[in-house]
Amino acid sequence: MQSDAIGETLLERAARLVFSRRVFLALGALAVVFCGFAAVDATKVRPNDGTVWVLGRPTVQVLEVVPRGPGIPPTPLRKGDVITGIANHVVTTPQEAADVLGAQRPGATVPYLVERKDKALLLDVPLSGFRVADRSYAVNVILAAVYLVIGTLVYLKSGNDRPARLFFLLCLAFAIYFMTNLERSSYFWGDIITRNGGAFARFMLPALFLQFFLVFPGKKQALARHPYLSPLLYLLPLMFYLRFTLDQFFGDRAAHINTVTWIILGLYYVAGLAALVHSYLSYRDPLLRERVRILTWGTLVGVLPFLVFKIGLEEITARTDLAQLGVIPLVAIPMSFGYCVARYQVLQIEFLVKRSLLFSILTGLLVLGWAIVVFWAGSQLVTLIGSANPLIAVGVTLAVAGVLWPVRNRLQRSLEARLYRSRANLAVLLEQFSREIPGLIQQQALLDRIGRGLQEALELPRLWVYLPDAGGDAATWTRAWPQAPAGVPPALPRQIELGATLKTITQRLEPFWIDLEDALPEAQHLAISREQVELAARRREQRQLASAGVNLLVPLAASGRVIGLIALPAKPGEEAYQLHEIQLLTIVAGQTATQLENARLYEEEVAKQKLEEEMRLAREIQSRLMPAALPTFAGIQFDAVNLSSKTVSGDYYDVIPRVDGQVAMVIADVCGKGMPASLLASNLQASLRAQCDICDSPGDILLRVNRQLHAATDSRHFATVFLAFFDPRTRRLRYSSAGHDAPVVIDADNRISRLAEGGLPLGAFDFGDYDEGAVELRDGDLLLLYTDGLTETKSPDGEDEYGTARLDHFLREHRHLDVGALLPRIDQELQLFRGRRDAEDDITLLALKIAPPSRSAAGSARAAGSVFATNITPEEAS
Amino acid sequence: MKRIGPLILVAAVVFIAAGLVLRHRDPATAYTADKAAWDLYDQGEFYLQAFRYREAEQKLEQALALDGNLAMAHVALAELHYRLGRSEPSKRQYAMADSLAGLVTDDRARLLLEVRLSQSRSSRFFADADSLLAAAQAESPDELIVLVAQALAADRDRDLDLAERTWKHILEINPNYAGAYNFLGYLYLGRGRYDEAEAAIRKYAFVAPDLANPHDSLGEVLMTVGRYEEAEEEFKAALKKQPDFFYSLRNIGRIYIERGEVDRALALVDTLATVDAIKGTAIQKETELDLIHRLFIHRVQADFESYATRFLATYPTDDNVPSVRIRLLLAHGETDLALALLDSFRRVREQDPQFLESEALRARLRLSVSRWRGLAAEQAGDAAAAARYFQESLALARDFPPHESLFERIHLAYNLIPLRGYDEARIQVREALTVNPRIAEGTLVAASIEAAAGQTAEAHRLLDTVERILERADPDYPVLLDAKRLREELPDRDGI
């Protein structure tokens, strides 16, 4: 198991490395270098003796005599001749022969020493000058450049997804193909490299072409189900290439691509076209179809003539006159792709080309000037040193280049500053933002800074920042900046709908251009499919944006979510956003999103701290409501406890000794939590205390306090109260309840009764009567006053509540305990019941027990609000 | 962007370091600080190898004018003088080079210089030639100077396999080292591998198209196998490229003699003698010696005596005087005196340190003695003795290339006729004619064999061949006269 996990990780790592952007860009650079090399090699006119040699032989054996053009004398060399000397140089290997031949002048007649049928012959061989140096190669160069440029731009823009990678590779292969579309010659080392590279491109192109259209514009099901099919596509071309390579070294004729191979490769192209057409026909979304149509036609226009004229006529039947008809239309492929990318995705490609021309020219001149100075200075130094060693000469030149590099950089920066003030300014702005943004923890201050900064830097009349609706509607976005709408109409409303557009933005998390064409009112038609509904919604939203002048939406993205949008209008004067401005926006958006998240978290933290402080104060108030000590009477046990939860509720209890010897017992539960509840409880306590002093009737007291409470608060703030007067001499209890949970009385015979007389909760209504009840308590009777936190204690799964039934049962079981042991036992019981679940409400208990005659009557005085240890067992309690 | 500047500098350092490490050692700097002097020496060396002695001498002296301490230039100049037979100047230059060798501070360069010097007897390093070569082989086994020295030493020691391997190795290192093809060609020629010799020399001509020597060398190969007309074209081509390439003039003269155009050949040699550049040089002496030898073997009596006498008068103390005298005595029929002189000559030679050192030279001496004895016996009419001696010299020549034993074979065949050894005679003659089918004497002897064996038709046919070979010969060319005489003696083709 362990080793499998390791192997997988390594494999994934290897795959990530192989498919990384760096590797692909390096491949691109390599292809450019190769194309440059092929161009130099191809345009260099070299002498040719009209033969083809083979590399792997120990001797320079003529394998083939190449027909020569008109006006060029035929070569006297024949197939099978072994060339032992060229131009008065003995040659023993094909490489030596190529070196000697390469030093001759095309058009010269050169003596060759050959062995023919074991006889040494001296032949005068007229050399012709050739490689592809005619006008048709210029076309190839242009085509290659188009493929390279568009392929690179599309790849850079489209990210590192599979279709982009394949398109990039396809363009590289095409570029190499064009640059190596050359004639054969004797083997110079440059020719070896060019031919091999070109052959590799020729063989791989069809497979790349096919694979690309199997994954783009949509991945074929077969490929999705059987991913191993992709590498299999390349198996045949690789085998062909191996055969070609082996032929170069060990074959008995010059390496070439035969008819059967061409036919098979041609079938690859046909299959690729079929895949593309299939994709096009399978799209239902008219917008997507529109985009694929252009690509489809472009590819068909490019590839079909290639198949017919280039492969069919030139390669198979050797008719070369119409070959160009097969090559030139290939430009349609990258052009159609480039158009689609620019049209539907990346408008700034066009801008980059347009706007950077002057800058590019000047930069190019600067580089050229630098290179000239480097080479001149380098050559002067080498002459001074007097070394003929080429390595030292290269090293010296490189040293000069290294020394002058900072000079070049300085000049380049001056150029940039002069030509692109805004670029320089934007760099400064970016630096400022980078410094300031982390310090802006308040959301509004942050948005204000960003908004003003961007508006100023980009010279925009206005811009907007929208955040998702705090109310929870994901489709509705609210303007967060500027708070007041800009004075210049048209302006965006405070709230806008962006659900459908947001979906597209969230997929790519990139700047999104409002497609004005898309935003135009469309002919009304019934949207049937889901795609059409979404399309219609998107168009609607974009119309709204476009009508307000919005041209560009830049998402503020954090952790893959869009948490905000910067909406920008078109730049004044119909100028386009330049690439560096887009880059600035993207960077600033990223920083802003991060900081918005930070600000949100900060505010949450502040609120949390505020709440905690409030709770603390409330708890403090609440704790002061409870009496510090409970009265003691002989034969009567009093105890009380307030079991706090995480949130402070308005529970309290009170025991008020009266001058007539009675004891007023109060248990109350004020609605709400936190400070408001605590304040109300405090108010209630004060009222009750005041009334208890002057009134003897619990019912009347509740009536009066109700009026007072109702007048002082609104109906949302109320309290449930149980008020009882207990005469310890007579053991008579008179009570009234204001909507409170009925206290329990359990007698010595385990009979339970509840004290339910009373009326409505206090403060809710300004009317109501409060009936009174009375009960005589005897020896062993237990009275338990409690708040609803007890009976509403939830089970761990939250499905069940403790309830009165359980309470009754518990009391019956534990009636015998003194109240000092009973209340902790109740706490323990509740903890066992709720398990790991936190207590959701405070629990206040006030217990009175008429001790049996054999027991002492001391009641335990406990500090009000304390939470005692709950690990006291019933045995310990007893 | 920020890192590009430092990266460029790092790359510069890497390149410079690589360049310093891998830089090709410039041989010039080891021998001289003056690049111009070295370039002049280089050119002089090139001309020397191309046998363009005048230009070579000019360049080498210019080099020494710029840097008198350029030891390599002194060595080259010494070799030039040696080739031109200027013994004293050659020795002086070797002495100068010997003393300058110590000034070369680079150990490797000094070793190579000493190896080169050790090739010459005039150098003090000659005695250490083997050890120097061994040291140089250990130090720089693929250095051209070392390999050439190794090849020449092998050739000198008659280790022809090693010599051949070494020349081929040189060509593997530098397939365009023209001189190697020349040496290889002569090596093949010396081993009787005439086709390979021709191929090698043709490559020599191919890689050194401006030189006359390749054509001359090719001409020699072609001449050896009897392709006289092609050889003549090559010699003329050599003269076209270098009008003062006297070797080719001499070789043309040889061809003329082989074709019986004696008067023409003599005229050519006489012309050569008037050329200032070779007057009094070793070339002139060699030319005259070669002429004397050919006139003798072709039995052009009068001219032989004339030139031989002149040679003796001109070079009275020359080492070759005894051999000229022996020929003269034999030509006059004084065989006993000739043999006596031969013995004396042999005894003197055997005391020579060079002969004591070299088995090859001893072998050559033995062969010469055997030949002379054979000729003497033939002169005396003792066919059996002559045949025996020629058989002996054939045996002695078994390690020599076939074309160097043609003389023995032909004379053996000739002496076997009176002994009725027709079959053996035919074998010998056929062997000779296989190598060179244009040897008139050989063909004549073949005709004589057939005539003696009664094969009249064959004899006539062979006589026709002789007449064809000698179609341009002087009317009094001995072989032609002999051929006519034989034909007269023979019955006609129909046996009448």
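1. Two residues are taken to be in contact if their C-beta atoms, placed from the backbone, lie within 7 Å. On that criterion, in this predicted model, 21 residues of chain B are in contact with 21 residues of chain A.

2. The side of chain B that touches chain A draws two or more residues from each of two helices, α1 (4–22) and α12 (194–207) of chain B. Of the elements involved, α1(B) gives the most, with twelve residues. Sorted by class, this side of chain B comprises 15 nonpolar, three polar and three charged residues.

3. Chain A contains an open sheet of five strands, with antiparallel pairing, in the order β15-β25-β24-β20-β21. Its edges are β15 (636–643) and β21 (752–754) of chain A, each of which pairs on one side only. From one strand to the next, the twist averages 15°. Helix α26 (residues 803–814) of chain A packs on this sheet and touches β20 (744–746), β21 and β24 (782–786) of chain A. The direction of α26 makes about 35° with that of β20(A).

4. Within the sheet, the edge strand β15(A) runs antiparallel to strand β25 (residues 843–850) of chain A, to which eight bridges join it.

5. Strand β16 (residues 649–657) of chain A is largely enclosed by the rest of the structure, because seven of its nine residues are buried. Nine bridges pair β16(A) with strand β17 (residues 663–673) of chain A in the antiparallel sense, and A:Y653 stands opposite A:I667 in β17(A). Five residues lie between the two strands of the hairpin, where A:G661 takes a positive phi near 90°.

6. In chain B, the packing of two helices may be examined. Helix α23 (residues 383–396) and helix α24 (residues 406–416) of chain B pack with their axes 8 Å apart and at an angle of about 155°. Angles over 145 degrees count as roughly antiparallel, and α23(B) and α24(B) are therefore roughly antiparallel to each other. The crossing of α23(B) past α24(B) is left-handed.

7. To the contact between these helices, α23(B) contributes B:A383, B:A386, B:A387, B:F390, B:Q391, B:S393 and B:L394. The residues from α24(B) are B:E408, B:R409, B:H411, B:L412, B:N415 and B:L416. By class, the contact of α23(B) with α24(B) has seven nonpolar, four polar and two charged residues.

Definitions and conventions:
Residues numbered from 1 in each chain as written. Chains lettered and ligands numbered in written order. Predicted model: local features only at pLDDT ≥ 70, side-chain atom pairs only at ≥ 80, totals over all residues. Pairing = 2+ DSSP bridges. Helix = DSSP H or I, 4+ residues; strand = E, 2+ residues; numbered from the N terminus. Axes fitted to C-alpha atoms, helices over the stretch in contact; angles between N-to-C directions. Nonpolar A, V, L, I, M, F, W, Y, C, P; charged D, E, K, R; others polar. Buried ≥ 20, exposed ≤ 12 C-beta atoms within 10 Å, placed from the backbone. Parallel < 35°, antiparallel > 145°, perpendicular 65-115°, else oblique. Left-handed = near helix turned anticlockwise from the far one by under 90°.
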